[in-house]
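This report describes selected local features of a single model.

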Amino acid sequence: MKLSVFGKDTAHSIEVALDCRHYIGDRPCKFNRECRECPEYSPQGTRILIIKTGALGDVLRTTILLGGIKRKYPDSHLTWITAPGAVSLVPKSIVDRVWPYSVEVIARLSVEEFDLVLSLDKEPEVAALSMIARSKDKRGMGVDGCGAVYPLNKEMSYYYRLGLDNDLKFHHNRRTYPDLLAEAVNIPYDPAVDDYHLDLGEADREKARCLFLGTGLSPGQKVLGINTGAGGVFVNKDWTLLGYVALLQELEKRGITVLLLGGDRESDRISELHRRFEGPFIKDVGTGHSLGVFASLVSMCHVVLTGDTLGMHVALSVGARVVSLFGSTQPTEIEMFGRGEKIITPIECAPCYKRSCDIHPSCMEMIRPETVLASILRQWDMPSAKNLRTIGKSL
């Protein structure tokens, strides 16, 4: 144990373990006992800094690296810098410190030393943090003196190239994001054991349970969650209103209970769907919930229908069965972990990652309700994916 002694005389001296992962400094640690001979002493080991701020779905799916990190560096101390809005997506059960990106964080980086830095964002203002961080081993993305983003290590080359070569990304690459990312930063990845990691707090679980029961549903009732929207950066990531209406008509005939899910951006769409279907088979828990409550609601669903968005990654992380719709974005990079199906538009120009489009019918309009229904029914009849999850085996 590393101890530091302060004070000019014995009466005012204190011994503290500065290298203990539980040490805070301005107040007692959670065990509230003196450092000397403390049974909870845990030296930090390999100090690793992860820099990943956005987008929200990308932050969550980057947690796939944590299993490999803990296998390669079992006694490691992890610090993760992320966007303030993504803090709840980083599992504090594994990551020792989660820092919202701020001026204060930059000050910390100028002082602290790390054994390894994993810089996983391509935006210059974020990648620049890796240049400030004090470490002899930096992997991922950095920024040169002219402000240009570039790979810090040779293993990053293929992942870096995918961002610059649309032909490679859209038509030739067949590797998933976990596989690509793990190779890029030289961290072990085993698809048999590595999975997403998301902590669900008890308060969020309880609020979600109250919302669930408040719709008239019973505890443990089998429901289909429909995540009705998608992020607004790329066009045609969310399915059409007419598609959902046609699908819901068929689900009602089959007696499948539906829970409508979404954020504030989807409130109008959810209200419209709920207005059109007033029967007891469709449930609405509202929007505007925290990420923790949203994830807890998703965890209560047997199957989740979603676009390529945060809701898809949340559903995969909590072990739901997933049917995911792909229009303008690349489906190949998404790992489903054997817990769902991808429905890919038949349109020839996809994927494209365009931010606007005037083609009609669009890629999402070409996804037929009967195709979606068939996929949902296949997943509906399969056993709960929550019992099949491998999350945690890698730790």
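A residue counts as buried when its relative accessible area is under 20%. The model discussed here is predicted. In strand β14, which spans residues 340–344, the side chains alternate between two faces.

Strand β14 is paired with strand β13 (residues 321–326) in the parallel sense, and five bridges join the two. In one of these pairings, F326 has I344 of β14 as its bridge partner.

## Packing of helices α12 and α13

Two packed helices are described by the angle between their axes and the distance between the axes. For helix α12 (residues 291–299) and helix α13 (residues 310–317), the angle is about 60° and the axes lie 9 Å apart. Because of this angle, α12 is oblique to α13. The crossing of α12 past α13 is right-handed.

On the α12 side, the contact involves L291, F294, A295 and V298; these meet L310, G311, V314 and A315 of α13. Classified by residue type, the contact of α12 with α13 comprises seven nonpolar residues and one polar residue, with no charged residues.

## Loop residue T215

T215 lies in the loop that runs between α9 (202–214) and β9 (224–227). Its relative accessibility is 18%, and T215 therefore counts as buried. Leaving aside residues up to four places away in sequence, T215 touches K283, D284 and V285.

Conventions. Residues are numbered from 1 along each chain as its sequence is written. This is a predicted model: local features need pLDDT of at least 70, side-chain atom pairs count only at pLDDT 80 or more; totals for chains, interfaces and linings use all residues. Side-chain values use heavy atoms; hydrogens and water are left out. Axes are lines fitted to C-alpha atoms, for helices over the stretch in contact, and angles run from 0 to 180 degrees between N-to-C directions. Helices (H or I, at least four residues) and strands (E, at least two) are DSSP runs, numbered from the N terminus. Angles under 35 degrees count as roughly parallel, over 145 as roughly antiparallel, 65 to 115 as roughly perpendicular and the rest as oblique. A crossing is left-handed if the near helix is turned anticlockwise from the far one by less than a right angle, and right-handed if clockwise. Contact means heavy atoms within 4.5 Å. Ala, Val, Leu, Ile, Met, Phe, Trp, Tyr, Cys and Pro count as nonpolar, Asp, Glu, Lys and Arg as charged, and the others, Gly among them, as polar. Buried means under 20% relative accessible area, exposed over 50%, partly exposed in between (1.4 Å probe, protein chains only). Two strands pair if DSSP finds at least two bridges between them.
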